[in-house]
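Visitor: I have just opened this entry and have not seen it before. Could you walk me through it?

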Amino acid sequence: MPDCEDVCVLIPTLNEAETIGEVVDGFRERGFSNVLVVDGDSDDETRDIATDCGARVIEQSGVGKGQAVREGLDHIETEYVLMLDGDGTYSPEDVERMLDPLDDGYEHVIGDRFAEMGEGSMTRLNRFGNRIINRAFLVIHGQDFQDILSGYRAFTRKSAERAYLTSDGFGVETELAVECVKHGIPTTVVPIRYEERPEDSETNLHPIWDGGNIIMTLYQLAKTNNPLFYFGSMGMLSGLLGVVLGIYVGIEWFIPPRVSHEVLAVVAGVAIIFGVQLLMFGVLSDMIVTLHREQMRRIDERR
C-alpha cells in the first residue's frame, strides 16, 4: 500500500453532518492526515464538523458532485487520490483493499459495492438501475467494471489529469470509468463493504432523474470512445424507420384500393439514406479512433 503521506482522501459533501465526522476520523486514525472535504454549500454543520475532525475544507464554487470532484482535484498535489462519499456507506477499513493495487501497477481502482452489500443499503430500484447501467457500459464501451457507479475510487493523480471530466452531477463516476477505457488506464475492481445509510442522513441521489442523466452520459461518451456504436445505433434506427415506412407505402400501393403516399415514400428514402450515411460515418470514425489509440500506445512505449 502507498505511504499515507502520498495519499489525499477526497470527500465531496452536501449536508452530511450526521456522518462526516465519523468518516474523517476513520481515515485519520489510520494515518491519513491529508483529508480534503469539498462542501457544496451545506446548510447544516458539515463544514464545521469536518474542520474540527482535522480535515481541510474548501467551499465548492459550483454545484454538483462532478464539479466538486474536479475542483477538489485542482487542490491536490499528492501522487495518489482516494475518493469516497461522506455519507458513511463506505468503510475506511477497506482502505488497504483500495490502495494495494496501486502498488501493483494499476492506476485506477474501483470498489465493487455488490461484493459485500449490507442489508437495506440499496433499494431494489437502485439495484435494478445499477445492473442496467453496468450492462449498458459493457455493451457500449466493451469493459466489465462490475460497478461503474461506485463512489469509492483510488487512482493516481496523473491518470486523473488525463481524464476529461465535464459532468457536474453523479455522472462523474461514469465519466471516470469511460476515460479509463478511452485512455487505456490500467484499471481493476476490488470487493468492498457497502453499508446502509444512517437513518438521520438523507440521500442527495434522485434515482429516476440521475439514472437517466447517467445513461445519457454513457451514450454521449460513446461518441469519442466507441463511435461505431454511437453513430451506428442512430443509423440503424433511421434505416429501420425508413424500411418500415417503405413497407407501409408498398402495401398501400399494391393492395387495392391503391393509395399513393408520395410524401411518406420520400421520407422513407431519406431515412434509409441518412441511416446508411451515419453507419458509414461511424465506421470511418471508429477507424480514426483505432489509429489514434495505436499512435498513443507507441508514443507511451517510447517514453
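The conversation below goes from the whole chain to its sheet, its helices and some individual residues.

Visitor: What kind of model is this, and how are the residues numbered?
Guide: This is a predicted model, in which local features need pLDDT of at least 70, side-chain atom pairs count only at pLDDT 80 or more, and totals for chains, interfaces and linings use all residues. Residues are numbered from 1 along each chain as its sequence is written, and side-chain values use heavy atoms, with hydrogens and water left out.

Visitor: How many helices and strands does the chain have?
Guide: The chain has ten helices and seven strands. Both are DSSP runs numbered from the N terminus: helices are H or I with at least four residues, and strands are E with at least two.

Visitor: What does the chain span, and what share is buried?
Guide: The C-alpha trace spans about 80 × 50 × 35 Å along its principal axes. Of the 303 residues, 45% count as buried. Buried means under 20% relative accessible area, exposed means over 50%, and partly exposed lies in between, with a 1.4 Å probe and protein chains only.

Visitor: And the charges?
Guide: There are 26 positive and 51 negative side chains, and the centres of the two sets lie 10 Å apart. Lys and Arg count as positive and Asp and Glu as negative, while His and the chain ends are not counted. Each charge is placed at NZ of Lys, CZ of Arg, CG of Asp or CD of Glu.

Visitor: Do take strand 4 next. In which sense does it pair with strand 1, parallel or antiparallel?
Guide: Strand 1 and strand 4 pair in the parallel sense over four bridges, and leucine 10 stands opposite methionine 83 in strand 4. Strand 4 and strand 6, by contrast, run antiparallel and are joined by four bridges; tyrosine 80 stands opposite threonine 156 in strand 6.

Visitor: Which way do the side chains of strand 4 point?
Guide: Tyr80 and Leu82 point one way and Val81 and Met83 the other way, and all are buried.

Visitor: What about strands 5 and 6?
Guide: Strand 5 (residues 108-117) and strand 6 (residues 153-156) pair in the antiparallel sense over three bridges. Arginine 153 in strand 6 is the bridge partner of isoleucine 110.

Visitor: How many residues of helix 7 are buried?
Guide: Ten of the eleven residues of helix 7 (residues 172-182) are buried, so this helix is also largely enclosed by the rest of the structure. Just after helix 7, glycine 184 takes a positive phi of about 65°.

Visitor: Turning to loops, where is tyrosine 90?
Guide: Tyrosine 90 lies in the loop between strand 4 and helix 4. Tyrosine 90 counts as buried because its relative accessibility is 4%. Leaving aside neighbours within four places in sequence, its contacts (heavy atoms within 4.5 Å) include Leu84, Arg113, Tyr152 and Tyr194.

Visitor: Which residue other than glycine has a positive phi near 60°?
Guide: Aspartate 41 has a phi near 60°. Aspartate 41 is in the loop between strand 2 and helix 2, and at 58% relative accessibility it counts as exposed. Glutamine 146, in the loop between helix 5 (124-141) and strand 6, has a positive phi near 65°. Glutamine 146 is partly exposed, with a relative accessible area of 39%.

Visitor: Last one: which peptide bond is cis?
Guide: The bond from proline 256 to proline 257 is cis, with omega near -10°. Proline 257 is in the loop between helix 9 (227-254) and helix 10 (262-302).

Methods: Pairing = 2+ DSSP bridges.
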